[in-house]
Amino acid sequence: MKARFISLAVVVLIIAGLIGYALASGLSMLYWLVLGSPLIALLLLAIWYGIWGWGDLRRRLQVSASLVLLLFLIIAGIGFLTRYEGSTSGASLPKLVWKWSEKDTTQGPANTTVNPAVDPQTIEADAAAAETNFLGPNRDGMWPSADFSLDWATDPPVELWRRPVGAGWSSFAVAKGRAITLEQIGDDEQVTCLDLLTGKEIWKQTDAGVNFVKSKEGAPGATMGGEGPRSTPTVFGDKVYVTGSTGIAKCLDFDSGKLIWSRNVITDYQGTIPKWGKSNAPLVLAEEKLVIFTGGETAGVNTIALDLETGEPKWTSTGQGASYSSPRLLTLLGIRQIVTVNQHDANGLDPATGKELWRFEWKGGLPKVGQPLPVSENRILLTASYGVGSPLIELKKNGAAWSVTQVWRSTRMKTKFSSAAILGEHVYGLDEGMLAAIDLETGNKVWKREKYGFGQHLLVGDHLIVQTEAGDLVLGTPTPQEFIEKARIKALSSMTWNVPSLAGRFLLVRNDREAICFLLPKKE
């Protein structure tokens, strides 16, 4: 009798321990464990009853077998009656719908709507001067100051236009009064150029039959992130550089969208498409007249330099596989270099030749998305989720030889889809969907509070613009003590993973259904 109740207590403790571990770890992927805990509990109880339950052995085995059969019927019923349509959020919990229900193809507004209260002629000069590429001029989502008023409570942004867009997690590049993004239209991947003031389409360029999800059909988890392209175009001069979700790299004419050249940075180098698609924004090196792309997720060619004008290969760098982060051009210890976050490491490359200067081993097979952030002339902060830890690394140079060491590694800044931001002596970011702060000197947790989901954010001066996963825009001030929310705008209305695009007084947001352009208030 005593053994029976002790064993039952052990089963209960195992179930409670699994749920507690999943919740305490702060890793959203373990929420699957919480979701499956009733089924795990049923299985454990079936095993327990068969060994220690009441009645004779035959009776216990019958009850145990009945519980296992019930478990099987529940799982089979779920599989038979429902279909998987990706994730419900960045927590990766499955979106299950009845098999007989129609696929949700809602695209936001039926047509482009333009605010009639704003005269486009009064802001034409602002639009002509506005420009941005992925995460701003430095690819880090940080601006030292604002070109607009941050008093949104009394002078809120004005919605200029709203329009439907195709699926995808691309953002906007802005230049010369235009906004350019990538979207999935049916089975075609499309680059779309819009008028910044009205949202009206100027041109489009299509890759027919390119559909990331279909290209990965049968690959476990490939549909988790949904359909559509993931990367953001890069505008440079009179050209647009693009990376498609399946590795199609191309150069388009800015004025017309005409294709100038195209290559595939996956198949041309015997690589494989990343599990969740290519999301790396092209990096233009004006001095070297090169554009940098990243390769496949398997070991081989990691980084590719192509001629800006012709697309001809100039150099490649090999490694253990590319990640979902975008390369940056940094100057560290006085040396210009391309810094890339890869699947299992981070490294610095000579821009002219692709020669590796240094490498930091950073193991972990799951995605690394965050941008590398320089902290000083020889220190870089790297951030990621999935339990790999976010390290602060330090570079040293002795003659031609480089060395790299880890200063600290923290699990308190788990940036799953986003990048962190540095302000003063603290690092701010979305730690598994909750806004958090850590100490830059030690990596220790300072606070973790507001739950904004797996969205994105931009740091403008001493203010954060947070794009929540649910679609709201939040403006506030992060401090070492707390985050002070100052204004909130109901913007998008469904799951939003896309990075906002800030260009002068224009703020563009989008998800896989709709896009909005806001005119930010004038700076006094």
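Trainee: At what angle do the axes of α1 and α2 cross?

Mentor: The axes of helix α1 (residues 2–25) and helix α2 (residues 31–52) cross at roughly 170 degrees and come within 10 Å. Axes here are lines fitted to C-alpha atoms, for helices over the stretch in contact, with angles from 0 to 180 degrees between N-to-C directions. Angles over 145 degrees count as roughly antiparallel, so α1 and α2 are roughly antiparallel to each other.

Trainee: And what should I keep in mind about the model and numbering?

Mentor: It's a predicted model: local features need pLDDT of at least 70, side-chain atom pairs count only at pLDDT 80 or more, and totals for chains, interfaces and linings use all residues. Residues are numbered from 1 along each chain as its sequence is written, and side-chain values use heavy atoms, leaving out hydrogens and water.

Trainee: Which residues make the contact of α1 with α2?

Mentor: Contact means heavy atoms within 4.5 Å. Among them are L8, V11, I15 and L18 of α1, and V34, I40, L44 and W48 of α2. The residues divide into 17 nonpolar, 2 polar and 1 charged, where Ala, Val, Leu, Ile, Met, Phe, Trp, Tyr, Cys and Pro count as nonpolar, Asp, Glu, Lys and Arg as charged, and the others, Gly among them, as polar.

Trainee: OK, how do the axes of α2 and α3 cross?

Mentor: α2 and helix α3 (residues 57–81) have axes that come within 7 Å and cross at roughly 165 degrees. That makes α2 roughly antiparallel to α3. Their contact includes L39, L43 and I47 of α2 and L61, L67 and I74 of α3, and its residues split into 18 nonpolar, 2 polar and 1 charged.

Trainee: Switching to sheets: what's the order of the 4 strands in the open sheet?

Mentor: It's β6-β7-β8-β9, with antiparallel pairing. Two strands pair if DSSP finds at least two bridges between them; helices (H or I, at least four residues) and strands (E, at least two) are DSSP runs, numbered from the N terminus.

Trainee: Why is one side of β6 and β9 left without a neighbour?

Mentor: β6 (173–175) and β9 (201–207) stand at the edges, so each has a single partner strand. β6 is joined to β7 (residues 178–185) by 3 bridges, and A173 has I180 as its bridge partner in β7.

Trainee: What about the open sheet of 5 strands?

Mentor: Its order is β3-β5-β36-β35-β34, and the pairing is antiparallel. β34 is joined to β35 (residues 506–510) by 3 bridges, with L508 in β35 as the bridge partner of S501.

Methods: Angles under 35 degrees count as roughly parallel, over 145 as roughly antiparallel, 65 to 115 as roughly perpendicular and the rest as oblique.
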